[in-house]
Amino acid sequence: MIRSSASKIRSLLKSPSVEGKLPDILQGNRLSHTEICSLLQRCVKEEDIIATRCLHCIALICRFNSTSVHDYLIRAFGSCGSLLEANLVFCGVSIPDISSWNSIVLAQIDHGEARRALHLYYECRQLKRFKQRPGVYPCIIKACTKLGDL
């Protein structure tokens with residue numbers, strides 16, 4: 001599934017009409033917010049870093065500045081092993097919501113960055129704007145276990 005989606009994205013980027021101008025991709029080939037999220041969700045499953053990077057560029061140019069797009073980008077970069085890019089997306093979110101915080105915490109834990117995950121978790125808790133989702137607690141316990149704190 002993602003292979004054909006990734007091929008679609010790559011063919012858009014290599015289109016002769018584009019000739020190095022990424023915004024031209026959007027003429028007649030505009031992806032909707034729903035399509036971007038759906039493709040990013042597939043990138044998470046398939047761990048396709050190239051498609052994730054292409055979609056990130058398209059999302060930036062289309063100004064898809066929604067929480068769901070950011071969350072999928074964080075998850076996709078995390079699943080592809082690129083914590084740097086996941087962190088960059090997270091830092092680019094003007095006001096992260098609880099979903100964004102959970103996405104970045106989970107990405108850190110999945111890649112063995114338990115101390116960083118706990119730091120982010122405590123930082124989020126200090127904001128006192130959010131109620132933690134029950135799904136984050138097993139991850140925090142996992143991070144503590146990895147650090148030997150339990």
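Glu 47 sits in the loop between helix H2 (33-46) and H3, where helices are DSSP runs of H or I with at least four residues, strands are E runs of at least two, and both are numbered from the N terminus. This is a predicted model, so local features need pLDDT of at least 70 and side-chain atom pairs count only at pLDDT 80 or more, while totals for chains, interfaces and linings use all residues. Residues are numbered from 1 along each chain as its sequence is written, and side-chain values use heavy atoms, with hydrogens and water left out.

**The chain as a whole**

- Of the 150 residues in the chain, 43% are buried (under 20% relative accessible area; exposed is over 50%, partly exposed in between, with a 1.4 Å probe and protein chains only).
- Among contacts (heavy atoms within 4.5 Å) with a separation of 6 or more, 66% join residues 24 or more positions apart.
- The accessible surface comes to about 8,600 Å², and carbon and sulfur atoms hold 54% of that (Shrake-Rupley method with a 1.4 Å probe; for residues, only the protein chains shown count as cover).

- Glu 47 has a phi near 55°, a positive value in a residue other than glycine.
- Glu 47 counts as exposed, at 52% relative accessibility.

**The nonpolar core**

- The largest nonpolar core has 35 residues (a core is a set of buried Ala, Val, Leu, Ile, Met, Phe, Trp, Tyr and Cys residues joined through side-chain atoms within 4.5 Å).
- Two or more residues of this core come from each of H2, H3, helix H4 (67-79), H5, helix H6 (98-110), helix H7 (114-127) and helix H8 (136-147).
- Ile 36, Leu 40 and Val 69 have the most contacts inside the core.
- Val 69 touches His 33, Ile 36, Cys 37, Leu 40, Ala 59 and Phe 64, leaving out residues up to four places away in sequence.
- Over in helix H2 there's also Leu 39, which is buried at a relative accessible area of 9%.
- Leu 39 and Ala 76 are 37 residues apart along the chain, and their C-alpha atoms are separated by 9.9 Å.

- H7 has 14 residues and reaches 20 Å from first C-alpha to last, close to the 20 Å expected at 1.5 Å a residue (the expected span is 1.5 Å times one less than the number of residues).
- Its buried residues are Ala 114, Ala 117, Leu 118, Leu 120, Tyr 121 and Cys 124.
- Seen down the axis of H7, those buried residues fall within an arc of 160°, so they line one face of the helix (the arc is that of the directions from the helix axis to the C-beta atoms).
- Arg 115 and Gln 126 are exposed on the other side of H7.
- Gln 108 belongs to helix H6 and is buried, with a relative accessible area of 2%.
- Setting aside neighbours within four places in sequence, Gln 108 is in contact with Leu 83, Asn 87, Glu 113, Ala 114, Arg 116, Ala 117 and Leu 120.

**The one salt bridge**

- The count comes to one salt bridge (a side-chain nitrogen of Lys or Arg within 4 Å of a carboxyl oxygen of Asp or Glu).
- The partners are Arg 53 and Glu 85, whose closest N and O atoms are 2.9 Å apart.
- This pair links distant parts of the chain, with Arg 53 in helix H3 (residues 49-62) and Glu 85 in helix H5 (residues 83-92), 32 residues apart.
- Arg 53 is partly exposed at a relative accessible area of 41%, whereas Glu 85 counts as buried at 18% relative accessibility.
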